[in-house]
Amino acid sequence: MLTTSGQSSLSSFPDRSFIEHAAKEHDYRGSSAVRSMTGLGENEPKQVVSMYKNLPLPFGSQGLLVINVRLYQLEQMINLIINDSVSFLKILDSSVRRYRHSGMAGADR
């Protein structure tokens with residue numbers, strides 16, 4: 001495993017179950033449902049949305065790129081671009097569960 005924190009073995013990686021699941025789903029496209037994840041060197045789990053893609057390594061085909069987006073940071077970014085008095089925004093996952101909803105009081109919730 002190569003992360004922004006360095007290299008580690010899969011057996012000691014905190015998000016091992018997600019990586020093992022992703023490695024079996026070769027044709028997957030999209031993002032995960034909101035999930036809790038604890039990264040290397042972290043004690044508190046964070047709410048994230050994950051995307052992954054199989055990538056070839058320089059000498060093989062077993063590479064896997066995983067991108068985890070913290071839900072809190074996504075919400076902060078959305079707060080900067082949404083004016084609740086004139087617009088609204090719904091973000092849904094593939095199961096049509098709501099990640100976030102903000103906006104006009106009269107909008108369909």
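This is a predicted model: local features need pLDDT of at least 70, side-chain atom pairs count only at pLDDT 80 or more; totals for chains, interfaces and linings use all residues.

Colleague: In what order do the elements of the chain run from the N terminus on?

Modeller: The secondary structure comes to two helices and seven strands. Written from the N terminus on, the order of these elements is β-β-α-β-β-β-α-β-β.

Colleague: What percentage of the 109 residues in the chain is buried?

Modeller: A residue counts as buried when its relative accessible area is under 20%. Among the 109 residues of the chain, the buried share is 24%.

Colleague: Which residue forms a salt bridge with Asp15?

Modeller: The structure holds two salt bridges. In the one with Asp15, the closest N and O atoms are 2.6 Å apart. Asp15 sits in the loop between strand 2 and helix 1, and the pair links distant parts of the chain, with its partner in strand 3, 20 residues apart. That partner is Arg35.

Colleague: Are Asp15 and Arg35 buried or exposed?

Modeller: The cut-off for buried is under 20% relative accessible area. Asp15 has 5% and Arg35 has 15%. Because both values fall under that cut-off, Asp15 and Arg35 count as buried.

Colleague: How far apart are the closest N and O atoms of Arg16 and Glu20?

Modeller: Arg16 and Glu20 are four residues apart in helix 1, so about one helical turn separates them. Arg16 is partly exposed at 35% relative accessible area, and Glu20 is partly exposed at 32%. They form a salt bridge in which the closest N and O atoms are apart by 3.0 Å.

Colleague: Which element gives the largest share of the lining of the largest pocket?

Modeller: The largest pocket holds about 860 Å³ of space. Strand 1, helix 1, strand 4 and strand 5 are the elements that give two or more residues to its lining. The largest share is nine residues, and it comes from strand 5.

Colleague: Which residues of the lining lie nearest the centre of the largest pocket, and how many are charged?

Modeller: The lining has 29 residues, with Met1, Leu2, Thr3, Phe13 and Val66 nearest the centre of the pocket. By class, the lining residues divide into 13 nonpolar and 11 polar, and the number of charged ones is five.

Colleague: What share of the accessible surface belongs to carbon and sulfur atoms?

Modeller: The accessible surface of the chain comes to about 7,900 Å². Of this area, the share belonging to carbon and sulfur atoms is 54%.

Methods: Residues are numbered from 1 along each chain as its sequence is written. Side-chain values use heavy atoms; hydrogens and water are left out. On a 1 Å grid over the protein atoms alone, a cavity is a set of points where a 1.4 Å probe fits but cannot get out, and a pocket is an open set with protein on both sides within 12 Å along at least five of seven lines; lining residues have an atom within 4 Å of a point. Grid points are joined across faces, edges and corners, and a volume is the space filled by probe spheres set on the points. Ala, Val, Leu, Ile, Met, Phe, Trp, Tyr, Cys and Pro count as nonpolar, Asp, Glu, Lys and Arg as charged, and the others, Gly among them, as polar. A salt bridge is a side-chain nitrogen of Lys or Arg within 4 Å of a carboxyl oxygen of Asp or Glu. Buried means under 20% relative accessible area, exposed over 50%, partly exposed in between (1.4 Å probe, protein chains only). Accessible areas come from the Shrake-Rupley method with a 1.4 Å probe; for residues, only the protein chains shown count as cover.
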